[in-house]
Amino acid sequence: VSGPSMPGLPQLQGPVNDIASTPGCKDCVVASLGRHAIAVSHSAGVSWKKFKTPATFDELYATRGVLFGLVPSTADPDHGVWRSTNGGRTWQRTLTAPLVDHLYAAGGASHSLLAFEWGIKVYRSTNNGKTWSLRSRIGS
């Protein structure tokens, strides 16, 4: 099983945009809620704690100790990659780029985190999403 079961999702009583498991905690999950909020569970979805967010996240990604929220829409002024190091209580936008819709942790010695902008651009972070650099542009 790659993630916990979700018996508690009906408890959230509203739209859920995305859900992600938290590495290193087999019972921990985070859900992006419909409007400027996330919910965090440390009990495999049995109970939840909600937190306000500065943006509505379409996608979520979690590494050990860090949560990421993605806002890919060009129409949303909050577009980009948002980062929380305290379980979702506070957030900082660390990449202000539209259309970023996927994060990927690359293994190896570099421990890089890659952010993909709809297959057009790839950004790389070597400090767990604190800062980003443009690595490539497809077709150039």
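Biologist: What is the volume of the largest pocket?

Modeller: In this predicted model, the largest pocket has a volume of about 250 Å³. Of the 18 residues lining this pocket, Val40, His42, Leu67, Asn86 and Gly87 are the closest to its centre. The elements S3, strand S4 (49–52) and S6 each give two or more residues to the lining.

Biologist: How confident is the predictor in the protein chain, in terms of pLDDT?

Modeller: The chain averages a pLDDT of 87, and 88% of the residues score at least 70. Over residues 1–8, however, the pLDDT is below 50, although this stretch has 18 contacts in the model beyond near neighbours in sequence. Where pLDDT is low, the predicted coordinates should not be read in detail.

Biologist: Why is Leu99 called buried?

Modeller: Leu99 has a relative accessible area of 15%. Buried means under 20%, so Leu99 is buried. Leu99 is found in the loop between strand S8 (92–95) and strand S9 (100–105).

Biologist: What makes the phi of Leu99 worth noting?

Modeller: Most residues other than glycine have a negative phi. The phi of Leu99 is near 70°, a positive value in a residue other than glycine. His36 also has a positive phi, near 50°. His36 lies in the loop between strand S2 (29–33) and strand S3 (37–41).

Biologist: Is His36 buried, exposed or partly exposed, and how do you know that?

Modeller: The relative accessible area of His36 is 25%.

Biologist: What makes Asp27 and Lys26 a salt bridge?

Modeller: The closest N and O atoms of Asp27 and Lys26 are 3.8 Å apart. The cut-off is 4 Å, between a side-chain nitrogen of Lys or Arg and a carboxyl oxygen of Asp or Glu, so the pair qualifies as a salt bridge. By this rule the count comes to one salt bridge. Side chains of opposite charge can pair when their charged atoms come close.

Biologist: Why is Lys26 called exposed, whereas Asp27 is called partly exposed?

Modeller: Lys26 has a relative accessibility of 70%. Exposed means over 50%, so Lys26 counts as exposed. Asp27 has a relative accessible area of 30%, and this value lies between the limits of 20% and 50%, so Asp27 is partly exposed.

Biologist: Which residues touch the most other members of the largest nonpolar core?

Modeller: This core has 13 residues, of which Val30, Ile38, Phe57, Leu60, Leu67, Trp82 and Trp91 touch the most other members. S3, strand S5 (59–63) and strand S6 (66–71) each supply at least two residues of the core. A second, separate core of 12 residues includes Leu70, Leu103, Leu113 and Tyr123.

Biologist: Which residues are in contact with Leu67, leaving aside its neighbours within four places in sequence?

Modeller: Among them are Val30, Ile38, Trp82, Gly87 and Trp91.

Biologist: Why is Thr131 called partly exposed?

Modeller: Thr131 has a relative accessible area of 47%. Exposed requires over 50%, and buried requires under 20%, so Thr131 is partly exposed. Thr131 is found in the loop between strand S11 (121–125) and strand S12 (133–137). Not counting residues up to four places away in sequence, Thr131 touches Arg124 and Ser125.

Key: Residues are numbered from 1 along each chain as its sequence is written. This is a predicted model: local features need pLDDT of at least 70, side-chain atom pairs count only at pLDDT 80 or more; totals for chains, interfaces and linings use all residues. Side-chain values use heavy atoms; hydrogens and water are left out. Helices (H or I, at least four residues) and strands (E, at least two) are DSSP runs, numbered from the N terminus. Buried means under 20% relative accessible area, exposed over 50%, partly exposed in between (1.4 Å probe, protein chains only). pLDDT is the predictor's confidence in each residue, from 0 to 100. Contact means heavy atoms within 4.5 Å. A nonpolar core is a set of buried Ala, Val, Leu, Ile, Met, Phe, Trp, Tyr and Cys residues joined through side-chain atoms within 4.5 Å. On a 1 Å grid over the protein atoms alone, a cavity is a set of points where a 1.4 Å probe fits but cannot get out, and a pocket is an open set with protein on both sides within 12 Å along at least five of seven lines; lining residues have an atom within 4 Å of a point. Grid points are joined across faces, edges and corners, and a volume is the space filled by probe spheres set on the points.
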